[in-house]
Amino acid sequence: MPIVGSNAAPSKLSTVIGYVVDLLSQAGNATPVMVGKRYLEGFGVGSDPRVVFVPEVTGTAGPALVTGNVASVTRACDVFVRGAEDGTDLGRFDAAETLADVVMTALRRAATGRLEFGPYTPDGPTDADAFGADVAFSFTYTRDIRK
C-alpha cells in the first residue's frame, strides 16, 4: 500500500495499481486485474468480467510537489471495467458501474492528493443482441522524484 506523508519514496504507478489488486482480493472479489493494451482484445460483448489498466507510454515531468524533491512525474492511465452480465436491460450497467466505483475508490485511497480522474464513459451493446456493459475512465497520477 502506498505510504503518503512518510519518509518513504513516492509510489510509482505500478504500486498504485497493485493496491487496487490487493483491495479487490481482500474484499473477496475475484475479478481479474490486468495491465496492458493487449488485454483489450476480445473485450466487450460476451467477454468475462475484468479490470484492464492501460498506462500511457509517455508522461510529463514538472516541478516537485514537495519542497526539496527534484521534480514530479505525471502518468496517465486508462481503465476499462467489464461487469458480470445479468441478462436484463435495466441491470445492464449495474455490475460494471459498481465494479468501477470500487476501482475508483481504491485508486483514490492509494493516491490521495496525487490523482485526478478524467473522462468516464459507460458503454453497452444497446444495438446488439447481447447483454452486459463496460465502463472506461481515465486518471492521471503524479509522484515526486526524490534526491
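The side chains of Thr 31 and Asn 29 make a polar contact at 2.5 Å, a polar contact being a pair of N or O atoms within 3.5 Å; within protein, one must be able to donate a hydrogen and the other to accept it, and residues adjacent in sequence count only if both atoms are side-chain atoms. This is a predicted model, in which local features need pLDDT of at least 70 and side-chain atom pairs count only at pLDDT 80 or more, while totals for chains, interfaces and linings use all residues. Residues are numbered from 1 along each chain as its sequence is written, and side-chain values use heavy atoms, with hydrogens and water left out.

Thr 31 sits in the loop between helix H1 (13-26) and S1; helices (H or I, at least four residues) and strands (E, at least two) are DSSP runs, numbered from the N terminus. Thr 31 counts as buried because its relative accessibility is 18% (buried is under 20% relative accessible area, exposed over 50%, partly exposed in between, with a 1.4 Å probe and protein chains only). Beyond its neighbours within four places in sequence, Thr 31 is in contact (heavy atoms within 4.5 Å) with residues including Leu 24, Pro 49 and Arg 50.

Arg 50 has Arg 82 in S3 as its bridge partner. Strands S2 (residues 50-62) and S3 (residues 71-82) run antiparallel, joined by 10 bridges; two strands pair if DSSP finds at least two bridges between them. The open sheet has 5 strands in the order S1-S2-S3-S5-S4, with mixed pairing. Its edge strands, S1 (33-35) and S4 (115-123), each pair on one side only.

Ala 64 lies in the loop between S2 and S3 and, at 29% relative accessibility, counts as partly exposed. Its C-alpha is 5.8 Å from that of Asp 144, 80 residues away in sequence.
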